[in-house]
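We will go from one selection to the next.

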Amino acid sequence: MKDRLNRQINYMRLSVTDRCNLNCFYCRPEDDHNFIPAEETLTYDEILRLVRLALELGINRFRLTGGEPLLRPDLAEIILALNASPGIKDLSLTTNGLLLEENLDRLWRAGLRRINISLDTLDKDKYAAITGSNSLDKVLRAIKLALAKGFNPVKINVVLLKGINEDIDDFINLAYLLPLHIRFIELMSFPHRDGYFVSANKLLKKLKKTGQLNLIKLPGSGPARYYRLPGMKGSLGFITPYSHHFCHNCNRLRISAQGELRTCLFADKTYDLKKLLRNGASDEAIKDFFTYVLSEKPLNWLQAGRIKRNESMRSIGG
Ligand code: SAM
């Protein structure tokens with residue numbers, strides 16, 4: 001499926017819940033304590049129907065996210081069903097890793113092989129300050145277990161935060177020790193998060209000056225650019241929506257846990273898919289809706305405007 005700018009749209013990020021078991025300060029406005037009522041969350045059957053229709057439209061790569069997707073009791077069943085869907089080319093999961101250790105076997109049996117774990121620091125105190133939780137050790141254990149189990153690639157998402165985790169030496173060392181792909185991501189600006197932005201591109205330029213960075217290609221690398229220093233088992237990735245943007249290659253759509261379709265992470269505008277699903281719309285009508293929505297996908301994040309609502313990333317489905 002192509003949009004009006006001839007971009008191939010083949011990737012969907014599906015949020016399966018807006019609930020989260022961490023409280024990362026940069027992910028949400030301070031007064032954000034409201035979760036959507038359970039009955040507003042897309043059901044297993046609704047998710048599967050949307051995936052089937054998306055596949056018919058040529059969208060064949062999916063990422064499950066949230067909120068924290070592992071809080072959803074039927075996550076492994078969703079993964080199993082998605083993996084069995086004809087035409088699916090890629091399925092991965094983004095998690096904060098808190099519940100990963102005890103769920104790794106189930107996820108593996110369901111056919112999941114790719115996993116992204118969000119972890120912004122390797123320092124216990126900083127981890128607690130960012131997330132409001134003391135579970136760094138648990139997450140680190142889960143990362144090592146995921147590697148041992150054979151998940152590949154295991155990617156680590158690090159959102160860069162000014163004055164908190166700009167020094168990435170610990171992560172660089174980790175990429176020497178373990179075959180992890182560690183991605184440094186620029187903080188997305190929401191009204192409640194101004195002041196913490198760090199340019200990942202600047203970090204990359206600094207590293208490039210060492211003269212030892214080798215650009216590598218990873219399967220399904222999306223907007224990240226990956227590099228390896230000599231002797232490194234893993235790699236360092238940079239995702240720079242602001243300082244080096246990649247909208248001309250954007251291939252994605254997002255669906256929130258309550259069935260809102262979004263064509264750009266930077267856009268306020270959402271489209272109500274759940275209403276269609278719950279009002280008896282035919283498959284054709286839903287597919288036509290996808291096509292119409294795509295015709296409105298912004299050219300780039302500047303055109304999308306800036307997120308003005310004080311929303312949390314967990315409710316958008318980051
Ligand atoms: N709970 C899962 C997790 O932690 O990976 C999935 C949902 S979480 C919202 C997805 C990712 O969004 C995390 O890596 C988180 O750090 C990131 N995120 C949250 N707020 C962000 C922001 N303002 N800018 C960039 N990334 C953000």
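A residue counts as buried when its relative accessible area is under 20%, and as exposed when over 50%; partly exposed lies in between. Keep in mind that this is a predicted model.

Select Y271. This residue is buried, because its relative accessible area is 6%. Y271 belongs to strand β12 (residues 271–272) and Y292 to helix α9 (residues 283–294), so the pair links parts of the chain 21 residues apart.

F289 is buried, at 18% relative accessibility.

The structure holds 9 aromatic pairs. For an aromatic cluster, select F171, F184, Y227 and F238.

Next, show two arginines. The charged end of R61 sits over the ring of Y11, 5.1 Å from the ring centre. That of R113 sits over the ring of W108, at 3.5 Å from the centre.

Finish at the ligand. Around it are 19 residues, and Y26, G67, T94, S118 and M188 come nearest. Which side chain places an N or O atom 2.5 Å from a ligand oxygen? Pick S118. The protein buries 92% of the 550 Å² that the ligand exposes when taken alone. The shell divides into 7 nonpolar, 9 polar and 3 charged residues.

Note on methods: Residues are numbered from 1 along each chain as its sequence is written. This is a predicted model: local features need pLDDT of at least 70, side-chain atom pairs count only at pLDDT 80 or more; totals for chains, interfaces and linings use all residues. Side-chain values use heavy atoms; hydrogens and water are left out. A residue is near a molecule or strand if one of its heavy atoms lies within 4 Å of it. A polar contact is a pair of N or O atoms within 3.5 Å; within protein, one must be able to donate a hydrogen and the other to accept it, and residues adjacent in sequence count only if both atoms are side-chain atoms. Accessible areas come from the Shrake-Rupley method with a 1.4 Å probe; for residues, only the protein chains shown count as cover. Ala, Val, Leu, Ile, Met, Phe, Trp, Tyr, Cys and Pro count as nonpolar, Asp, Glu, Lys and Arg as charged, and the others, Gly among them, as polar. Rings of Phe, Tyr and Trp (its six-membered ring) pair if their centres lie within 6.5 Å; planes under 30 degrees apart count as stacked, over 60 as edge-to-face and the rest as tilted. Helices (H or I, at least four residues) and strands (E, at least two) are DSSP runs, numbered from the N terminus. Buried means under 20% relative accessible area, exposed over 50%, partly exposed in between (1.4 Å probe, protein chains only). A charge sits over a ring if NZ of Lys or CZ of Arg is within 6 Å of the ring centre and within 35 degrees of the ring normal.
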